[in-house]
Amino acid sequence: MADFIKNPVVDLPDPDPAPHFSEEELVFTANEKAEIARRIAQYPTSDGAVMWTLWLAQDKFGFLPPEVLRLVAQELERPYAQVYGVATFYTQYYKEKKGTHVLDVCTCFSCQFCGGYDILDYLERKLGIKRGQTTPCERFTLQEVECLGACGSAPMLQVSNGPYAHNLTPEKIDVLLATLENGEPLPFVSLTLPQDEDQMQGNRRSDAEAVEAYQVPPVAKLTS
Amino acid sequence: MTKAGDWQSYQRVLLPPVRNLHHLDAYRAQGGYDILRTIFNDWKPEDVTQCVKKSGLRGRGGAGFPTGLKWSFMPPANPAVPRFLCCNADESEPGTFKDRQLMEFNPHLIFEGILIACFAMSMKACYLYVRGEFSSWITLLERELACAYDANLVGTGMLGTNVNMDIILHKGAGAYICGEETSLMESLEGKRAYPRIKPPFPAQQGIWGYPTTINNVETLACVPLILDRGADWFAGVGAQTHPGPILYGISGHVNRPGVYEYPTGMLITDLLEIAGSMRGGKKLKALVPGGASVPVLRADMIEGVTMDVESLRAAGSMMGTAGMLFLDEDTDMVAFLRRVARFYHHESCGQCTPCREGTGWMENLITRIDDGEGNLRDLDLLLDLCDQMEGRTVCALADAAAWPVRNTIKRFRNDFEKRCRPAVWAGVA
Ligand SMILES: Cc1cc2nc3c(=O)[nH]c(=O)nc-3n(C[C@H](O)[C@H](O)[C@H](O)COP(=O)(O)O)c2cc1C
Ligand code: SF4
Ligand code: FES
């Protein structure tokens, strides 16, 4: 056997890891099956529903170990290799177990220069972990991510692939962490546009869960 | 008078100041979906495409390709062969955040644009590809789309005619590359989002091999406005060669960042003033005018430059997505470029060697310089690397990585040289 096969340069994933879920757990309910069927019907073939079904599986199981991917592949009658390939291509699909709340801090260039790394640093110290890690209590996972499309309200972060938190300051983070620790849901925040602030005296939406008035962003100190 | 004309009294049309415009009732009260009905009853599909062509609308997704022309690439309609529209709401270009605001505040304008485009190109379905991070906005779109279906504006027998059209939401899962049109198609087909080699172009063989057109959210949102107010009105807004209303996403070291709607062809200096000038009274050092992929401009290069394809090209940059990042005099350009390189390294799909390896080496080299351990020759090595990457890959991500690297080094060479070790080893000299 060639040397590089015996001693691979990168760690290869365990081909047969111990499953996290039992046979009884690994089923989709009738409702979930109906939802998957509805998605499949929207595409020429069931391939189109792979991404939606992975989202559904991740919402249900929390993450996507091989046995869950097999379940998805079975349900869609697609090859396991395809579903595995898709799950490992996209960053938002969790291949490992994460904390209850995943904090995705944007440090891409707009956020970088408006204090994204300060926010990340603050969270690292406050949670006592490094980026990419999960707290021992499994409550929080901290991650550094690329631009989340909210550069005007930098620095910002996303919680568990869901709501965004904008214009962050250490004080705002303290409140955010306390809210999450109390098990309260984070609201969807509708940001006021600068021109709406001038022309409409505030946010144009009356149905948003929460509204953030237009504000001159907090100036954070610069790091690289 | 600038190309943008009398922009001080500009009335917003993409995001007009109307409360709760994202609700169907409010949208219809403003005359929303009226033009769709008129078109269905009185227009021929070719005339719609012709009107969009005449308006001079250019794509707002980054490449700035003329939209009417793109539509006319679709082969003649054949009832036996399905064809699709894809609305690109992947919006992952760093510095770009306009599509998200449009989806939140005026989703029906997008839907109406999609339906008109489907009519023009005889399509029955549109996939609206939204990046996975925007899950809150997907929920919102789902709700408003359901309202449109209930009101018989979309679906079977829409508007009392015998036409059927569907708008289908697709949720991405966090990959910048999915914004590239062929990658988006692979992603829709439930595969790893590896871009495809062109030709065949999407109009010939798109999703599942069927003719497909891909347009950005903002591009499609302009369409109902063009049909409603006329191609001449649109062509008369802003810069002649790149007309129309546009959303400028302004971020960075300015006092009032955010999304602003103005005509194209605005002076960059005017936009900076609109955005409240630089924070803390600092001086401008650099500007990225259209998302991370476009070449950065030095402060002394923006005098008299307007936001349109022509003027920015002459200045040595590109329009991109009009997501403008202003950086002040304290900005460390090495750190800036290191982060940009990291982004491309992370987001390269890995298909092509020049891109997969090149972006990695870029990041390594710039990191070394940033850490104070770089050599002067690393700068030339980086420039050489850019030459090796550009134009040699399946998609434009490698070019998009090379442009900012080359131009940042060229335009801020001093900043980089200062961080490198001296050319001659002190012990020898
Ligand atoms: C690497 C890469 C990323 C892209 N990302 C996006 C994107 O996030 N959103 C977008 O609308 N277009 C993006 N584009 C441009 C699309 O490929 C395509 O040109 C555009 O969606 C066409 O729409 P338009 O003609 O309306 O601009 C990207 C292109 C490349 C090469
Ligand atoms: S250029 Fe880069 S991102 Fe594009 S196909 Fe090649 S490897 Fe993938
Ligand atoms: S750079 Fe952080 S949201 Fe765009």
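User: Which residues does B:Asn88 touch, not counting residues up to four places away in sequence?

Analyst: In this predicted model, B:Asn88, which lies in strand S1 (residues 84-89) of chain B, touches B:Asp99, B:Tyr129, B:Gly179, B:Leu184, B:Ile214, B:Asn215, B:Asn216 and B:Val217, once residues up to four places away in sequence are left out.

User: Why is B:Asn88 called buried?

Analyst: The relative accessible area of B:Asn88 is 12%, and buried means under 20%, so B:Asn88 with its 12% is classed as buried.

User: What makes B:Asn88 and B:Gly179 a polar contact?

Analyst: A polar atom of the B:Asn88 side chain lies 2.8 Å from the backbone oxygen of B:Gly179; because the limit for such a pair of N or O atoms is 3.5 Å, the separation of 2.8 Å falls within it.

User: Why is B:Pro17 called partly exposed?

Analyst: B:Pro17, in the segment before helix H1 (24-29) of chain B, has a relative accessible area of 36%. Buried requires under 20% and exposed over 50%, so the 36% of B:Pro17 falls in between and the residue is called partly exposed. Leaving aside neighbours within four places in sequence, B:Pro17 is in contact with A:Gln199, A:Met200, A:Arg204 and B:Arg12.

User: What makes B:Lys285 and B:Asp415 a salt bridge?

Analyst: The closest N and O atoms of B:Lys285 and B:Asp415 are 2.7 Å apart, and the rule asks for a side-chain nitrogen of Lys or Arg within 4 Å of a carboxyl oxygen of Asp or Glu, so this pair qualifies as a salt bridge. Across the interface of domain 2 of chain B and domain 3 of chain B, the rule finds 1 salt bridge, together with 5 residue pairs in polar contact.

User: How do you know that domain 2 of chain B and domain 3 of chain B touch, and how many residues take part?

Analyst: The domain assignment places domain 2 at 243-328 and domain 3 at 333-419 of chain B, and 16 residues of domain 2 are in contact with 11 residues of domain 3. Contact means heavy atoms within 4.5 Å, so the two domains touch by that criterion. The area buried between domain 2 and domain 3 of chain B is about 1,100 Å², with carbon and sulfur atoms giving 68% of it. Of the area that domain 2 of chain B buries against domain 3 of chain B, B:Lys285, B:Ser293 and B:Val296 supply 41%, more than any other three residues.

Definitions and conventions: Residues numbered from 1 in each chain as written. Chains lettered and ligands numbered in written order. Predicted model: local features only at pLDDT ≥ 70, side-chain atom pairs only at ≥ 80, totals over all residues. Heavy atoms only, no water. Domains from an automatic or database assignment. Buried area = accessible area lost by both parts, 1.4 Å probe. Polar contact = N/O pair within 3.5 Å; in protein donor to acceptor, adjacent residues only side chain to side chain. Helix = DSSP H or I, 4+ residues; strand = E, 2+ residues; numbered from the N terminus. Buried < 20%, exposed > 50% of the residue type's maximum accessible area, 1.4 Å probe, protein only.
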